[in-house]
Amino acid sequence: MDWRSLAALLLFPVRMVYYVLKAAARLAVPARPKELGEQTVLITGGGRGIGKQLAREFARQGAKKIILWGRTEKCLKETMEEIKQTGTECHYFLCDVGNREEVYQQAKAVREKVGDVTILVNNAAVVHGKSLMESDDDALLKSQHINTLGQFWTTKAFLPRMLELQNGHIVCLNSVLALSAIPGVIDYCTSKASSFAFMESLTLGLLDCPGVQATTVLPFHTSTEMFQGMRVRFPNLFPPLKPETVAQKTVEAVRLNQALLLLPWTMHALVILKSVLPQSALEEIHKFTGSYTCMNTFKGRT
Ligand SMILES: NC(=O)c1ccc[n+]([C@@H]2O[C@H](COP(=O)([O-])OP(=O)(O)OC[C@H]3O[C@@H](n4cnc5c(N)ncnc54)[C@H](OP(=O)(O)O)[C@@H]3O)[C@@H](O)[C@H]2O)c1
């Protein structure tokens, strides 16, 4: 072993302790959040649900411009009008993120009409909400095209300019179901797990890219129309998150360049339990909490 490798080996545990202590110190004395005053934020699925709350929250916390993407003009327009009334510049574009050509075309239109996007929020998603054998093949493909591949196309469209400017942030609204799947929603869990790996790889790939960061948000069940009808066994013990809370915590995480955000924070216990408990005990947790059967009453968007 040469002396450089030996030095790196000896320094490694010291560096690890340093970063753990630094992170612990950050809990007591949080870093200064970055300003949003010069940032242009594009939110996919920004017309309703969590996306709409994100538009409100980015505007409230001072973003310069907000761009909304989605497929339903009515809600995009309503959200745009509301944001404009707060004094923040806002635009909307019709774009199906599952359609690669449309994404590239609308990304070009955004650059020409509004300018460079510096924060991209990949929020758009759909849920089919059935088991594998009950699912129509086209519906299974659709979830993967929108929830996973859509993020490939939007990121490919906007990241190169962020790297040139040395100013950018890719944000992904994922789900705890990426880490702990449940039955009856196989399309969604698969697409979210795939999107989680996409973001993990992207985040590490950006380590040597100054000024460009990534944030992955994994919320628990949130009270929007997406999972309408879904029932957990103890709703008082595991209440759904409010979309306002998810949006507020997400914008704060972006401003602090936080790579990963689990909501609520108690979801960290899930990750630990999954890695230490035997499968039979995990199955018991699913049965006890009702997550095993919660999709039986799922209606989704009617
Ligand atoms: N609700 C929850 O319990 C929950 C929990 C954890 C994570 N999340 C995640 O949070 C994000 C937002 O969910 P939500 O609860 O706000 O859902 P939602 O109310 O159903 O909203 C989904 C948004 O995505 C847009 N969208 C869907 N397909 C699209 C496409 N092909 N192209 C462009 N936009 C598309 C929809 O607009 P159009 O239909 O008009 O296009 C809508 O604005 C999703 O990524 C979801 O997976 C949700």
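Colleague: Which backbone oxygen does the side chain of threonine 289 reach, and at what distance?

Modeller: Quick background before I answer: this is a predicted model, where local features need pLDDT of at least 70, side-chain atom pairs count only at pLDDT 80 or more, and totals for chains, interfaces and linings use all residues. Residues are numbered from 1 along each chain as its sequence is written, and side-chain values use heavy atoms, with hydrogens and water left out. Threonine 289 sits in helix α9, helices being DSSP runs of H or I with at least four residues and strands runs of E with at least two, numbered from the N terminus. Its side chain reaches the backbone oxygen of isoleucine 285, at 2.9 Å.

Colleague: Is threonine 289 buried or exposed?

Modeller: Buried means under 20% relative accessible area, exposed over 50%, and partly exposed in between, with a 1.4 Å probe and protein chains only. Threonine 289 has a relative accessible area of 14%, so the label is buried.

Colleague: How far is the side chain of threonine 72 from an oxygen atom of the ligand?

Modeller: Polar contacts here are pairs of N or O atoms within 3.5 Å; within protein, one must be able to donate a hydrogen and the other to accept it, and residues adjacent in sequence count only if both atoms are side-chain atoms. For threonine 72, a side-chain N or O atom is at 2.5 Å.

Colleague: How are the rings of phenylalanine 152 and phenylalanine 198 arranged?

Modeller: Rings of Phe, Tyr and Trp (its six-membered ring) pair if their centres lie within 6.5 Å; planes under 30 degrees apart are stacked, over 60 edge-to-face and the rest tilted. The search of the whole structure finds seven such pairs. Phenylalanine 152 and phenylalanine 198 have centres 4.8 Å apart and 15° between the planes, which is stacked.

Colleague: Which helices does that pair link?

Modeller: Phenylalanine 152 is partly exposed at 32%, while phenylalanine 198 is buried at 15%. They are 46 residues apart, and the pair links helices α5 and α6.

Colleague: Why does the pair of phenylalanine 234 and phenylalanine 288 get its label, and what is the label?

Modeller: Phenylalanine 234 is partly exposed at 27%, and so is phenylalanine 288 at 46%. Their centres are 5.2 Å apart and their planes at 45°, so the pair is tilted.

Colleague: Last one: which ring does the charged end of arginine 100 sit over?

Modeller: A charge sits over a ring if NZ of Lys or CZ of Arg is within 6 Å of the ring centre and within 35 degrees of the ring normal. Lysine 113 does this with phenylalanine 93, at 5.4 Å. For arginine 100, 5.3 Å from the ring centre, the ring is that of tryptophan 153.
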